[in-house]
Amino acid sequence: MSDATRIKYLPTALLMVGLIFVAGIYPLTILWPSGWSWHTGHTPHYLQMILGIYATLGAFLLVASRKPLAHLSLIWFTVWSSVVHAAIMAVQSVANPEHMGHLWGDVLALFVVAGLLAFLTPRSVTA
């Protein structure tokens, strides 16, 4: 796939990821808690914090979807922070068998997001 074709699909990918980050993660924690919610209980403070962070990132990705080449650092932050976050969660899932469902939930999803955005994002502004 050429750079021009990848750049053509990048706004759509950013829009989809942004919408999922803004409005899709919370419903997944309700529908599939063993794959998406790390802490459950009466007041899941961690869940509220991580949802706030991802909703904020999602809102910025929605803005970036309008002019992706002007927001390359944000896109690459999303790629690399997703890889790091997913890798840490993968290790924690393997080390703690009660969290193995996350390997097929949020861990896999973050690796897919990182891979998709990395594939579609040009390596330089001149692309």
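L110 belongs to helix 5 (residues 106–120); helices (H or I, at least four residues) are DSSP runs numbered from the N terminus. With a relative accessible area of 7%, L110 is buried, a term that denotes under 20% relative accessible area, calculated with a 1.4 Å probe and protein chains only. The model is predicted: local features need pLDDT of at least 70, side-chain atom pairs count only at pLDDT 80 or more, and totals for chains, interfaces and linings use all residues. Residues are numbered from 1 along each chain as its sequence is written, and side-chain values use heavy atoms, with hydrogens and water left out.

**Surroundings of L110**
- Beyond its neighbours within four places in sequence, L110 is in contact with F21, Y54, S82, H85, A86 and M89; contact means heavy atoms within 4.5 Å.
- A distance of 9.2 Å separates the C-alpha atoms of L110 and A87, which are 23 residues apart along the chain.

**Aromatic pair**
- The structure holds 1 aromatic pair, the criterion being ring centres of Phe, Tyr or Trp (its six-membered ring) within 6.5 Å.
- F21 and Y54 form this pair, edge-to-face, at 4.9 Å centre to centre with 80 degrees between the planes; planes over 60 degrees apart count as edge-to-face.
- Distant parts of the chain are linked by the pair, since F21 lies in helix 1 (residues 3–31) and Y54 in helix 3 (residues 45–64), 33 residues apart.
- F21 is buried at a relative accessible area of 6%, and Y54 is also buried, at 10%.

**Charge over a ring**
- R6 lies over the face of F119, 5.4 Å from the ring centre; this requires NZ of Lys or CZ of Arg within 6 Å of the ring centre and within 35 degrees of the ring normal.

Note on methods:
Phe/Tyr/Trp six-rings, centres within 6.5 Å; stacked < 30°, edge-to-face > 60°. Helix = DSSP H or I, 4+ residues; strand = E, 2+ residues; numbered from the N terminus. Buried < 20%, exposed > 50% of the residue type's maximum accessible area, 1.4 Å probe, protein only.
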